[in-house]
Amino acid sequence: MIPLELAACPTAQALRAKDALGVPVVAIDTLRAATTSAAALENGAGEIWPVRSVEAAFARRERLQGALLGGERQMLPVAGFDAGNSPFDYPPGRVAGRSVVLTTTNGTLALTRAHKASGAAFAALRTAHLAANWLEACGAPRAVIALAGTGGGFSYEDALAAGAIAARLPGARLDDLMRTCLSAFRAALRNLPRELAETPHGQRLIARGFADDVAYAAQVFAGTVLPVRDEQKKGRLVAWRGA
Ligand code: MLT
C-alpha cells in the first residue's frame, strides 16, 4: 500500500485554495474553535455552521430555526450571541438537537479556506486520534493538515495537535513541518496542560478567565466525536464517530 503523505500548512492565512484542491484537509484550532465544536457535537448538537463574519452568523441563524449563535471576537462572546467560544458554553441541556452557528477569529477561517478540499475535518488535541482515523478512512494518498494559528502567526498548540495526528499514523510520510510537529508533540506529551497554559494564546485565555478551557483542550485523545464537513451540505459540520 502507498503510504499516506501528510503536508502541513502553518497558518489559516497561508492555506491557498489550490493546496486544498481535491485532497482531504484537517483544519486545526486547539485553542479553541475545534475543541469547542467537538464539545458541542459530543453534547448532542445536530450540526455546526462555521462562518467567517459576525454578519454572516446572524444571517445564517435567520435561516436555521432554533439555532444557537456562538463564537468570539477577542476571545469574548459577541453582543447579541447566545454563547461564546468556550466548550463549557455548549452543555447537553443547551445544545441537544440544535444547530449551532459559530464564528471565531482564526479557526473558522482555516476551515472555510479549505472549501475546495475533497473532505474537511476540524480537529484539536482532544480529537487527534479521530482525525487520524478519518484520514485513513478517506483513503487518499495525500492530505493537508492546516494549522489555524493566531492572527496570521504560527501557534504551537496547533502544531502539537498536528503532531498528535502524525503520532497516530506511524506509516505516513511527513513533510518537514509535520515532522517538526511530531517531534514537538512527543517532547510535550508528558505535560500538555502546562505546555498549553504557557503558550501566548493560553496565557491570554487564562488572563481572561478561561483557564478551564485551556486545561480541557490539553486532554489529548479524550474526544469521542470529530466535526467533519457534510459533503452533501458543504457549509455544515456533523459528528463523525469512526468508520
Ligand atoms: C480562534 O478561532 O481564533 C480561537 O478559537 C479564539 C479563541 O480562543 O476564542
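Contact here means that heavy atoms lie within 4.5 Å, and by that criterion T199 touches L31, Y156 and E157 once residues up to four places away in sequence are not counted. The model is predicted, so that local features need pLDDT of at least 70 and side-chain atom pairs count only at pLDDT 80 or more, while totals for chains, interfaces and linings use all residues. Residues are numbered from 1 along each chain as its sequence is written, and side-chain values use heavy atoms, with hydrogens and water left out.

**T199**
- T199 is placed in the loop between α9 (192-197) and α10 (200-207), where helices are DSSP runs of H or I with at least four residues and strands are runs of E with at least two, numbered from the N terminus.
- T199 counts as buried because its relative accessibility is 2%, the term buried meaning under 20% relative accessible area with a 1.4 Å probe and protein chains only.
- A polar atom of the T199 side chain lies 2.8 Å from the backbone oxygen of L196.

**P50**
- P50 is found in strand β3 (residues 47-50), and it counts as buried because its relative accessibility is 12%.
- Leaving aside neighbours within four places in sequence, P50 is in contact with L102, T108, L111, T112, G235, R236 and L237.

Key. Buried means under 20% relative accessible area, exposed over 50%, partly exposed in between (1.4 Å probe, protein chains only). A polar contact is a pair of N or O atoms within 3.5 Å; within protein, one must be able to donate a hydrogen and the other to accept it, and residues adjacent in sequence count only if both atoms are side-chain atoms.
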